[in-house]
Number of protein chains: 4
Amino acid sequence: MAGSTFGNLFRITTWGESHGKGIGVVIDGCPANVKLSEDDIQAYLNRRKPGTSQYTTPRKESDSVSILSGVFEGVTTGCPISLVVMNESQRSHDYSEIKTYYRPGHADYTFDEKYGFRDYRGGGRSSGRETIGRVAGGAIAANILKDLGITVTAYTKSIGPVSIDYDHFDINEIHNNAVCMPDAKASQEAEAFLQKQMEDMDSTGGVVECIVHGLPAGIGEPVFDKLDANLAKAMLSIGAVKGFEIGSGFEAASMAGSIQNDAFYSEDQKHVLKKTNYAGGVLGGISDGSDVVFRVAFKPTPSIFKKQETINQNKENIEVQIKGRHDPIVVPRAVVVVETMAAITITDLLFANMTSQMNKIKEFYQK
Amino acid sequence: MAGSTFGNLFRITTWGESHGKGIGVVIDGCPANVKLSEDDIQAYLNRRKPGTSQYTTPRKESDSVSILSGVFEGVTTGCPISLVVMNESQRSHDYSEIKTYYRPGHADYTFDEKYGFRDYRGGGRSSGRETIGRVAGGAIAANILKDLGITVTAYTKSIGPVSIDYDHFDINEIHNNAVCMPDAKASQEAEAFLQKQMEDMDSTGGVVECIVHGLPAGIGEPVFDKLDANLAKAMLSIGAVKGFEIGSGFEAASMAGSIQNDAFYSEDQKHVLKKTNYAGGVLGGISDGSDVVFRVAFKPTPSIFKKQETINQNKENIEVQIKGRHDPIVVPRAVVVVETMAAITITDLLFANMTSQMNKIKEFYQK
Amino acid sequence: MAGSTFGNLFRITTWGESHGKGIGVVIDGCPANVKLSEDDIQAYLNRRKPGTSQYTTPRKESDSVSILSGVFEGVTTGCPISLVVMNESQRSHDYSEIKTYYRPGHADYTFDEKYGFRDYRGGGRSSGRETIGRVAGGAIAANILKDLGITVTAYTKSIGPVSIDYDHFDINEIHNNAVCMPDAKASQEAEAFLQKQMEDMDSTGGVVECIVHGLPAGIGEPVFDKLDANLAKAMLSIGAVKGFEIGSGFEAASMAGSIQNDAFYSEDQKHVLKKTNYAGGVLGGISDGSDVVFRVAFKPTPSIFKKQETINQNKENIEVQIKGRHDPIVVPRAVVVVETMAAITITDLLFANMTSQMNKIKEFYQK
Amino acid sequence: MAGSTFGNLFRITTWGESHGKGIGVVIDGCPANVKLSEDDIQAYLNRRKPGTSQYTTPRKESDSVSILSGVFEGVTTGCPISLVVMNESQRSHDYSEIKTYYRPGHADYTFDEKYGFRDYRGGGRSSGRETIGRVAGGAIAANILKDLGITVTAYTKSIGPVSIDYDHFDINEIHNNAVCMPDAKASQEAEAFLQKQMEDMDSTGGVVECIVHGLPAGIGEPVFDKLDANLAKAMLSIGAVKGFEIGSGFEAASMAGSIQNDAFYSEDQKHVLKKTNYAGGVLGGISDGSDVVFRVAFKPTPSIFKKQETINQNKENIEVQIKGRHDPIVVPRAVVVVETMAAITITDLLFANMTSQMNKIKEFYQK
C-alpha cells in the first residue's frame, strides 16, 4: 500500500518527481479495443501544462506524452499501458538553499520525518507535477466513459471571494478564460483578484465543481466502496485539497430532512427522476441516475514571495523568502486533475458493478 | 472490491443487515498481544446503541458483542478476530408497505437498481445498524492507538443552526449531554432545536469534528494513500455523510497563502511546532506532528413523518407517510462511528509507515 | 495482507481456531440472486467432517453451518454472506503438556516465533479445522459455477504408494469409498495400506487431482494473476500441501517440445479442440477451453504416535509421544478443500474477465 | 486485478510487449535509503539477456536499464522507482504469417479468446521478454535482502533427463557454464543433450531449484498468504512453469510421517535447528529458520522447428513450421527470474511481518 496505486479494476500506478528524469503512469485493467492515440492523452495534459497563462509558472515544459506499451494498431490490447512524459527543464534550478530549510505549507518537513531525507529539488514527489500521471491515466478513463455516454465536466466555481453566478452559467465558457470558469463575468473579477494577490506577493485558493452526466443508476458498492467515498479519497489525494462535498454537502448539516430528501417522480412510468438533487446523485453510496455533483476545496498555493517564518534542518528559527515564480493559484490547472481522477473512480466502479447480479453474469457468459 | 472491507494492514470486513440474524466484523491484521475483552468493545458499542436518549429510535437492542476468535487468555493472538452482535428485535415489524415503494433520501431505489431487488426490512445492509461492525472493529484500533499514546476524540460541532462556542469548549462535557457537544450551553440549544424538529415531524443534520492527538510526524503515504485521503474515504463511507474537510477546509478556498501557511518554529531546537494549524496536521498527505483536525457533515435523517412524494415499484407517482419512530438526527450516535473509523484509518497507516526507511527495517530484524 | 482473505472480486475472509468458540467465513462479492440455503453449504461441509470413517479423528463435531447474513428469501442479496460453524467439543482436551513443547511437522514453533506465543489448543489457527471456512465459502462459488455450466471435481489420485489406474477410472466411485478414489480396486489397496500405517503408529501422504470441466477459453489474467498461478497459491495455502502441478507438470521438465505442444484442431470450423492436453487447459495463464487438470501433493499427517525427538520452549532436547487419535492421512478430507478452493479461484477470475473487452462492456451497459 | 501487479507492501507493476517500444516496471514500497544504481540492476538483467550462449535466441538486445525515478544521490527515496529497458530490435521481423494462425503451446489462441484480438508481434505481452520487468524489480528486492543477511540462490537442477549430482554440488560453478548448473560434469551432459534436441529441431524442459538462506523464523502469514503459497503463485506466474514444490514436495505424498516430520534440536539452548529439512524451511506457511528450498518445473520451449498441426484464425486445420531461431530451452535464462521473483515474495512478507507483535510496534514508535 505504498501509495502510488489507485483503483482496483481500472488501476493507475504513477511515478516520477518534479526534477527527476520524467513522470509517468502505468494503467492496468484497461479493456481491449478502446481507441487510443497520444493525441487523445495530450489534449488532457495540455490543460494542466504550465505556461499557458500569466497565472501559471513559466517553467518550460512541453509535457509531451509517449505511449510505450498496451496499444497496438490504434487500439488498446488489454495489457498495461505505460505512459511517459520526460522532464525537460529538470536541471534549471539552484536548490542549494531550499534543501536546508522547511518551506511552510509544503511537505518538506513531513517527507524528512517519514523517509529520513528528501529529494529537495522542486518538491520531488510532492510536487504538482506528480499529477501528470493522474491526468494521463484519467484521459483514458474519460475516453472509456465517453464511449458509454458518460461525461465528466469540472470547472472553477470560485477563486478567493469570487464565485460564479449560476444564472450566467455557460459550460462553453470554461475553456475560454484563463481561470476555467463557466461564467465570463466572474472570470474577469477572478482575474482581477489574482492580479491583486500577485502584487501582494501572496496566493489564493478556490473551489472546483464537477458534474458527472449520464451515469446509470446502480454504480458504487455499499458500505466502504461507496461512489462518494471513493470520489472523496480520489479528491483528497490531490495535493492542496482540504475539503470534499457532494450534493448539498456541508449545507446539509443545517437543512431539514423534508428539504434534503429529493422527491422521486416519473413522467412516463419508465424513467425515474428526482424533483431536486440535494443528494448529488448518490443514495446509500450508489448512483441514482441523476447528475453526480461534487465540490473540492483547494488551499492557496503555498509558494508565496512574502517573507515567512520557519525553521531550518537544525531546527533553528529563521525567516525565508522563496525565489523564482510560482502559480498564485492552483485551481485552474487542477480542474483537469479533478475531472480525470473522477473519471478513474467512476470507471473503476462501473467495472466492479458488472458482477452484481447473477442473471447478468449468466447472460454475459452464455452468449 | 465488493465493498465490505476497509484497510490494508489493519483491515476490517463487516457483514449484516438491519433485520437479519446479526451484525458482525472480522478484524484481520491486529498484532498479537493487544489486551482485549468484550467489555473494551462494548464500551464503544454502547455509545451508538439505540434507546439511550429521546433523540434515538426506541428499538430495543442490547447490542451485546461476543468475541468468537482471535483472543486467547485475554490478549489477541495475531489471528483474525471475529465479533458478532445478534439482532434481538429483527422480527418486530411489518414491512409489507415499505417494500412496494422507494423512500426518498434512502437507498431503496439504488439497491433495487444495483441488485434487481432488495432486502427491504429496515433498509437491510444500508441501515445505520451496519455501523456496529465498524465501531466494534474500530474499538480495537482505538485500543492499539492508546497503547501508542495516540488519542482520537470526536464530538458534535453543530446540529442544524446550533454550533458549539470554542470559548466554552470542555472536552469532559461530551459525554454529559444527549447530543455529545463539548459545550453545555450549546447542547441545550441543540436539544431545544431537536424538540422543535420532532414536533414538525421533520429531522435535521449536523457536523461532527474529530481531533487526533499524539500522532507522530511522518504517518500517511504520499500520492494516493495520503492520511487525509484515507480519512476522507473512511468518513464518506459512513451513510448520511455529505462532506469532509481537514484543517481550514472549505475556508482555505478563500484564504491567502500567507495566512494558510502555518509557520514552523522550535523552542528547544528539538521539537518542531507550528504557530497555527490551518493544515489540520497534514502536509502533503503526511502527518506533521500537530493535532489532526477534521470535520464531517451529516445530512438530516431521511426517515421523517411528514408526507412525502415518491414513486412505487411500478414507477407510479404516490404520496407516502413513513410510520414508526426514528432518530430526528443521526449525529450524536454517529460521533463514535467517526471516532472509530478514524482510529482504523490511522492504525492502518501507522503500520504501513513501518517499512518507510531501510535502516529502521534493519534495526527491526537485527535485534 | 494479514492473510485471512483470498480472492479479489469473489472474496472470502475466514476466521476461527480449532478450540475457540467457532469457525466462520465472510463471503464478499457474491452476486445477487444466487439460490442459497444452509443445506447447499452443509453438503460440502459434510464431506470434510470428522468421524465419517475409521481414517478420521473421532472428534465429535456436527459442523452445522448457519447463514447469518446476505441471504433473503432463499437468494443472495449481493451483500456479504456470513457463515458460522460453532465448535462443539472445544473444551474436551487437556493441553497442559502440548503447550510446553514444539510438535515436529506442526506450526507450533513458527507461530511462537511469529507472534511471541500461541493458542496451543489443538493447533489454534493452524489446525485443519481452519478449512471449514474455505469449504463453506467455496460451496457458494461451486454453486455459481454450476449455474454457468462449469463443474469442479477433485478426488484422491494416490495414497502413499497406491495410485489409481486410469483404465478403471469411475467418477461415480469417488463418494463410494472412504478414501475418495475414482477406482474401487485402488481404494481397497489404499485402505489396506492405511491400516498398516496405523498399526505402525505412523501416517502417510497422498495426491489429490482436480478437473475443471466447462470453463470457457479466455479466463485468467496475463502475467501475475494467471489462472494456474492463482490456483497454485490457493492450493499451497492449504496446510500440509507441498506441491502443485498442472497438465504434464513436473514431467514437462523432461519432455520434448514436440510432445508437450498440444496440437489444435477443429472438426466443424467452430469449436477449437486439442489432440492432447499436456497444457492442463491453460496457455499463457489463460484457459484454452479444455479441461483444467491439476494435482496437489499432501504430506503425511504430522500427528503420529511414534516417539519423536524435539525441543521444549526452553530449547532443551526432549522425546515426545503425542496422545489422542488423529487421521493417519489428510487426503480424503482434503479432497473437498481442493475442490472448493479451486471453485473460488475460478469464480474470481471469471468475474475479473468480464471487463477484458470494451465492446462487451458497452453491450452490458447499453441494455 | 488486471494482473500486472505483484506484492502488497513491496509491489511491482510490470508493462511492455516483446516488440513494443520497451519493457519496464514500477516498484512501489521500496523503503528509503537503499543504495541503488543502474549497475546493480543491470547485473541481474545480464543474466537473462539473449545472445549469451548458443542456447539462446540471437536477438540483439543490450537490455540496458534506466532508472527514471525514485533514486536520488545514489539511494532510494521511498517513492516509486520506474525502470525502463527500451526494445532495440522491435522492427526486425515479418509477422504477416504468424498473425494468421495459432502456434501450439503458445498463448496466441487464448489471448484472442480473451481480448478479441492480439498483438501478434513475437507473442506480445505473453513473450518471455515480459520477465525483464520482474528481474529488474526483483534485483532491488535481492539488494534489500542482502542488506538483511538473506541470500536467494537459484540454479538449474535438471535439463531433460540430465540432473545434477548433489555429491558434486558446487555453488561457484553456477555461473561458469551455459546452463547454470552447480555441477560441471552434469552441465556438459546437459549441453550435449541440448545439442541433440537442436539437431532434432525440438526443445526440452528442465527444473530450477532455489535456496533461500538466512531467512529468520516467523516470516509468512498464516492461512492464505503463507510463504509457500505466495512463492507458488510467484513461480506459476512465470510463463512455461508447470509445477512447484517445496521441501520434499511431491515425494512427501509417499513418505511416512515419521520421516517427513523434521526433528527439532538445539545444541546451545539458543538456536533452534532441525535434523532434516523435508519441510523445505516452512511450517504452517511460516519460515522455520532453516533454508527455504523449492523447485520449479519448466516445460520445453514451445517454439520448435518441426512441422506442427494447428488451426488458423478461420479455424481450418493446417500444418505450420515456425521460422527464425529460438532457445531450445528456457531454463538457463529463467534461473534469474526464479531468483528475483523469490526475492520479491520474501521481501513482501518480511515487511508484512513487522506488524505481527504489539510490543515490537511499540518499540518501533517509542524510539
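1. Copies of a chain are superposed here by least squares on the C-alpha atoms of residues with pLDDT of at least 70 in both. On that basis, chain B can be laid on chain D with an RMSD of 0.0 Å by a turn of 180 degrees and a shift of 0.0 Å along the axis. The two copies are thus related as by a two-fold rotation axis. The contact surface is shared as well, since 100% of the contact residues of chain B recur in chain D, where contact means heavy atoms within 4.5 Å.

2. Some conventions should be kept in mind: this is a predicted model, in which local features need pLDDT of at least 70 and side-chain atom pairs count only at pLDDT 80 or more, while totals for chains, interfaces and linings use all residues. Residues are numbered from 1 along each chain as its sequence is written, chains are lettered from A and ligands numbered from 1 in the order in which they are written, and side-chain values use heavy atoms, with hydrogens and water left out.

3. The pair of chains B and D also deserves a description as an interface, with 26 residues of chain B in contact with 26 residues of chain D. Chain B and chain D bury about 2,600 Å² between them, 69% of it on carbon and sulfur atoms; buried area is the accessible area (1.4 Å probe) that two parts lose on being put together, summed over both. On the chain B side, B:M354, B:M358 and B:Y365 lose the most area to chain D, and together they make up 28% of what that side buries.

4. The same interface holds 2 salt bridges, a salt bridge being a side-chain nitrogen of Lys or Arg within 4 Å of a carboxyl oxygen of Asp or Glu. B:D147 forms a salt bridge with D:K362, and the closest N and O atoms of that pair are 3.9 Å apart.

5. Chain B can likewise be superposed on chain A, by a rotation of 180 degrees with 0.0 Å of shift along its axis and an RMSD of 0.0 Å. For this pair, 99% of the contact residues of chain B recur in chain A, the same surface serving both copies.

6. In chain C, an open sheet of 5 strands has the order 1-2-3-7-4 with antiparallel pairing; strands (E, at least two residues) and helices (H or I, at least four) are DSSP runs numbered from the N terminus, and two strands pair if DSSP finds at least two bridges between them. Strand 1 (5-6) and strand 4 (65-67) of chain C stand at the edges with a single partner strand each, so one side of each is left without a neighbour in the sheet. Strand 4 of chain C is joined by 3 bridges to strand 7 (residues 81-86) of chain C, the two running antiparallel, and C:V65 has C:V85 as its bridge partner in strand 7.

7. In chain A, strand 7 (residues 81-86) is mostly covered, with 5 of its 6 residues buried, where buried means under 20% relative accessible area, exposed over 50%, and partly exposed in between (1.4 Å probe, protein chains only). Strand 3 (residues 22-28) of chain A is joined to strand 7 by 6 bridges in an antiparallel arrangement, and A:V26 has A:S82 as its bridge partner. Strand 4 (residues 65-67) of chain A also runs antiparallel to strand 7, through 3 bridges, with A:I67 opposite A:L83.

8. The UniProt record, an unreviewed entry, places a "binding site" feature at A:R48; UniProt positions are given in the numbering used here, feature names are shortened, and annotations may be inferred rather than shown by experiment. A:R48 lies in helix 1 (residues 38-48) of chain A and is buried, with a relative accessible area of 3%. Leaving aside neighbours within four places in sequence, the contacts of A:R48 include A:D63, A:R129 and A:R333.

9. The "binding site" annotation in the unreviewed UniProt entry also covers a set of residues including A:R125, A:K299, A:T301 and A:R325. A:T301 lies in the loop between strand 16 (292-298) and strand 17 (308-311) of chain A, and A:T301 is buried at a relative accessible area of 8%. Beyond neighbours within four places in sequence, A:T301 is in contact with residues among them A:S203, A:D327 and B:G257.

10. In chain C, C:P302 lies in the loop between strand 16 (292-298) and strand 17 (308-311) and is buried, with a relative accessible area of 11%. Neighbours within four places in sequence aside, C:P302 is in contact with C:P104, C:G105, C:H106, C:Q308 and D:N261.
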